[in-house]
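Hi,

Here is the structure I said I would pass on. Have a look at it first, and then read my notes on the helices below.

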Amino acid sequence: MRTLRLWPRSLVGQIILLVALALFVAQAINFAMLLRERKRLELTAQTAPGVYRIVDALDNRTQRPNADNDRPARAQFVAVVPATTGQARPDIEQRAMTMFTDMGLSIRSVHVTEDSQHLPPRRRDTRRSRAMGAMPEGPHPTRIVMAAEYEPGKWVVTQSRNGDRTPRFGGWLIAQTLILYVIVLAPLLWVGRRLARPLRQLTRSAEQFARTGSADPVEERGPGDVRQLTTAFNAMRSRIYAMLNEKDRMLGAIGHDLRTPLASLRVRTESVEDEGERARMSETIDEMNRMLEDILSLARAGRSSEAQQKVDIAALADAVVEDFLELGSPVDLSDSARAVANVRPQQIRRALRNLIENAIVYGERAHVSVEHGDGAIRLIVADDGPGIAEGRMEEMMEPFTRLEGSRNRETGGAGLGLALVRAIMAEHGGALRLANRPQGGLEASLVLPA
């Protein structure tokens, strides 16, 4: 089951995600601070009307006695603890005491309750709603009763309304956050795309160069740092390409210079009268030619001039096995279905021949088969020999490594066969895998992408 990957792999994606998370955290902190300040302002708005009425009543209590006016008094003076109903509001009580202290007014205690009974809306609010053609919305206001003891046994009581307006806080903050995301992330996306495009081209060029030994230069574009990186990569590519070309020319010259004296030695062997000695000399020259060819092929691995083409691997294996059978070699091929892959045919033939030769030398017989499945084609060569110790599997694919220390061709040659096969498979994007068979012997597999 494929797991959900939340953390992006690309550099641009990680930067954008980190900035988005930072904005989210900053907005969350901002929301918490605004919410705290809003609650403080709301508490002050609920407390201030009652406090101001009490302060006004205390300032004018000598000029305006209780209930001598034509209109009802906004505050009443009583000589007993007022009986209040409703829910106690200790938060308003604490805020009222703080406001009284700030005004320099000495108040002994404050009792505040909020009446759960809803009050009708004010006339001006009703007229405004009717003029707009809509009914009043939001919660109905409630009544807050505040009683303050200004002297021992003397109280002043007042009432105020609470909840006349419905605060719209969340929608405004969400809109602010969305605008902030657009303002910050839109330019960041543009910069990220401008940064990512040359980096992707640089990655593709490097992968192509590692796979084929050649690649087109990368266009120098993007921010200054990226352009400098691209310029350095193009310079490095040109230098490596020149060194590889020089290496190929040097290897060609070495091969030519060494084949010339070997050909001369072959001609001279014809003058040897002893047939046994002449045969041994010819065999030694052939061994030197094969070793030279293996060394040159391994050195040129990854820079083949042969073009890739679609080939039926089963038919290719049948042709190689047929060549060995004509020489009388103990090789057999299992029947297999058609398996087409995009390969360089001569290199795959070379790799398969090396595996078959190793199977015959070390395992007495080679069993060849082709399997196709799971998005790969496996060209398998098995033998009946003793196999290889598990700890030496990787070591055997290194150049000049053999199971025994001699350099006798009859016991395995110079130890370049498996190293050359692995280099050929790497050039094809495949792999060489070695495994011991349960029934005995070694199984070498050429794994090619289908």
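A quick word on handedness before the rest: a crossing counts as left-handed when the near helix is turned anticlockwise from the far one by less than a right angle, and as right-handed when the turn is clockwise. Keep in mind that this is a predicted model.

With that in hand, H8 passes H9 in a left-handed crossing. H8 covers residues 345-363 and H9 covers residues 417-427, and their axes lie 9 Å apart at an angle of about 150°. Angles over 145 degrees count as roughly antiparallel, so that is how H8 and H9 run relative to each other. On the H8 side the contact uses Gln347, Arg350, Ala351, Asn354, Leu355 and Asn358, and these meet Gly417, Leu418, Leu420, Val421, Ile424 and Glu427 of H9. By type, the residues of this contact are six nonpolar, four polar and two charged.

H8 also packs with H7 (residues 313-326): the two axes come within 10 Å and cross at roughly 45°, which makes H7 oblique to H8. This crossing of H7 and H8 is right-handed. H7 brings Leu316, Ala317, Val320, Val321 and Phe324 to the contact, while H8 supplies residues including Pro345, Ile348, Leu352, Ile356 and Ile360.

H1 does bend, by about 35° at threonine 47, with proline 49 following within four residues.

Cheers

Key. Residues numbered from 1 in each chain as written. Predicted model: local features only at pLDDT ≥ 70, side-chain atom pairs only at ≥ 80, totals over all residues. Heavy atoms only, no water. Axes fitted to C-alpha atoms, helices over the stretch in contact; angles between N-to-C directions. Helix = DSSP H or I, 4+ residues; strand = E, 2+ residues; numbered from the N terminus. Parallel < 35°, antiparallel > 145°, perpendicular 65-115°, else oblique. Contact = heavy atoms within 4.5 Å. Nonpolar A, V, L, I, M, F, W, Y, C, P; charged D, E, K, R; others polar. Bend = angle between axes of the 7 residues up to and from the residue.
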